[in-house]
Amino acid sequence: MIQNELTEWDEDIDASPEAEYEALVRSLRWAKDFGLLFVQCSPAEGERLIERVSGDISEKTVDVLRLDDEIEDLYETVSSFPNRDQINVLFIMGLEKSLVSYIQPGYGSEGDYYAKDSVPKILGKLNLQREKFKDTFKLCFVFLVPRYAMRYLIRRAADFFDWRSGVWEFVSPQDELQRETQTIVQEGDYSQYLSWTSQQRRERILTIDDLLEEGHQSDEEISQLRFEQGNILHANKNHEKAIASYDKAIEFKPDLPEVWTNRGVALSDLGRHEAAIASYDKAIEFKPDDPDAWYTRGISLSALGRKEAAIASYDKAIDVKPDYPAAWNNRGNALYALGRYEAAIASYDKAIEFKPDYPEAWNNRGTALSDLGRYEAAIASYDKAIEFK
């Protein structure tokens, strides 16, 4: 059990897992009326603890309050919990759902945990309601929270946390940590992250932080986790933090081209095109046939007005991946900027060949046709753009 100062609560843990568990069970057996315990653990470890404790203290009534969504008032939620007057021990899972949107996650952002203007309503009420909790509820509360939530509780709900009867930490087995790492890496998908809510993205970023703090990953796994974290931050439009995560990924595994490419895209989104090109060049160094690196490199070159170099870069992408409609479309845009309208139209035609429902390519094609005075054909092209968008 953790007994030291709050600011160091997670730095001096030397109890074995079994000794830690036995201490928790003793505290629950001894608890009378109101009690407040905090357990840092993963959700999976929390479920195992609940099942084991329920069997080991069968003389007491144990129940679980699972918070699936953000709430503002825990007191009211517990008050309406079924049969609460018959419960001796109430495990609470999911409190972090009400904290995540107030934590600024991502590599190098620890200071944001302390922001005074970021106290969630649920914690503000907990700080004010601790006497009310003690007077009303004659049961022992056990909060099961991940590491990041425990830190936040200590810092932002100090009045409520001060009433704790104890704090415990249970680390998941190594094979489970390994599986969770692999799941995050294998399921990672930038387009999927874009479809997530901001809350989901923050929660995944914080989960990755916790995994990394548990340690025991290989350099490649650390790099992949930081890469996924960077992708989520990028999807959240936190480009500077995304770059910091990509840099950390590169520190552990510098030869992953996808990290260099995505780092370049984040730099490009910030308008730092020269740095972005340097990042794409590193990606190409490690994977010369990477069409995405060549394509995004072309975008940055074009943004800098280097249209001929951009066309050459798009051509490299198309050489590797002929059916790359975005590369054909942007190649057409660069040709159009150079006044080469016929060549631009031919490029747009290729984009449409591979993606017939590509409104931007149809629109761009219409503009080039209009500049050539081919207005009927231009209108037909605009009509196709409108059909799809």
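**Entry 1: Asn83**

I looked up Asn83 and found it in the loop between H3 and S3. The model is predicted, so I note that every value here is computed. Phi of Asn83 is near 55°, which is positive although the residue is not a glycine. I then asked: is Asn83 buried or exposed? Asn83 counts as exposed, because its relative accessibility is 57% and the cut-off for exposed is over 50%.

**Entry 2: Asp33**

Asp33 sits in the loop between helix H1 (17–30) and S1.

**Entry 3: confidence**

I looked up the pLDDT of the protein chain. The mean is 88, and 92% of the residues reach 70 or more. Over residues 1–13 the pLDDT is below 50, and this stretch has 24 contacts in the model beyond near neighbours in sequence. Residues 107–111 also have a pLDDT below 50, with seven contacts beyond near neighbours in sequence.

**Entry 4: the sheet**

I traced the sheet next. In what order do the five strands stand? The order is S2-S3-S4-S1-S5, in an open sheet with parallel pairing. Strand S2 (62–66) and S5 stand at the edges with a single partner strand each, so one side of each has no neighbour in the sheet. From one strand to the next the twist averages 20°.

I recalled how such pairing works: strands of a sheet pair through backbone hydrogen bonds, either parallel or antiparallel.

**Entry 5: strand S3 and its partners**

I went through the bridges of S3. S2 is joined to strand S3 (residues 89–93) by five bridges, and the two run parallel. Val64 stands opposite Phe91 in S3, and the bridge partner of Asp63 is Leu90 in S3. Between S2 and S3 the chain passes through helix H3 (residues 74–79), and this β-α-β crossover is right-handed.

On to S4: S3 and S4 run parallel and are joined by five bridges. Met93 has Leu144 in S4 as its bridge partner.

How many residues of S3 are buried? Five of the five are, so S3 is largely enclosed by the rest of the structure. Both faces are covered, with Val89, Phe91 and Met93 buried on one side and Leu90 and Ile92 buried on the other.

**Entry 6: strand S5**

S1 and S5 pair in the parallel sense over four bridges. The bridge partner of Gln40 is Glu169 in S5. Gly166 and Trp168 point one way from S5, while Val167 and Glu169 point the other way, and all are buried.

**Entry 7: helix H5**

I asked why helix H5 (residues 147–156) can be called largely enclosed. Nine of its ten residues are buried, so the rest of the structure largely encloses it. The buried residues are Arg147, Tyr148, Ala149, Met150, Arg151, Tyr152, Leu153, Ile154 and Arg156.

What do these buried residues pack against? I listed strand S1 (35–40), helix H4 (121–136), strand S4 (140–145), helix H6 (158–161), strand S5 (166–169) and helix H9 (198–214). H5 lies across S1, S4 and S5, and runs at about 135° to S1.

**Entry 8: Glu221**

I picked Glu221, found in helix H10 (residues 219–235). Glu221 counts as buried because its relative accessible area is 12% and the cut-off is under 20%. Leaving out residues up to four places away in sequence, Glu221 touches Gln178, Thr181 and Gln182. With Gln182 there is a polar contact between the two side chains, at 3.1 Å.

I also checked Glu221 against Cys140. The two are 81 residues apart along the chain, and their C-alpha atoms are separated by 39 Å.

**Entry 9: Thr261**

Last, I looked up Thr261, which is in helix H12 (residues 257–269). Is Thr261 buried or exposed? Thr261 is buried, with a relative accessible area of 5%. Which residues does Thr261 touch, not counting residues up to four places away in sequence? They are Tyr280, Ala283, Asp290, Asp292, Ala293 and Thr296.

Methods. Residues are numbered from 1 along each chain as its sequence is written. This is a predicted model: local features need pLDDT of at least 70, side-chain atom pairs count only at pLDDT 80 or more; totals for chains, interfaces and linings use all residues. Side-chain values use heavy atoms; hydrogens and water are left out. Buried means under 20% relative accessible area, exposed over 50%, partly exposed in between (1.4 Å probe, protein chains only). Contact means heavy atoms within 4.5 Å. A polar contact is a pair of N or O atoms within 3.5 Å; within protein, one must be able to donate a hydrogen and the other to accept it, and residues adjacent in sequence count only if both atoms are side-chain atoms. Two strands pair if DSSP finds at least two bridges between them. Axes are lines fitted to C-alpha atoms, for helices over the stretch in contact, and angles run from 0 to 180 degrees between N-to-C directions. A crossover is right-handed if, with the strands pointing away from the viewer, the path from the first strand over the helix to the second runs clockwise. pLDDT is the predictor's confidence in each residue, from 0 to 100.
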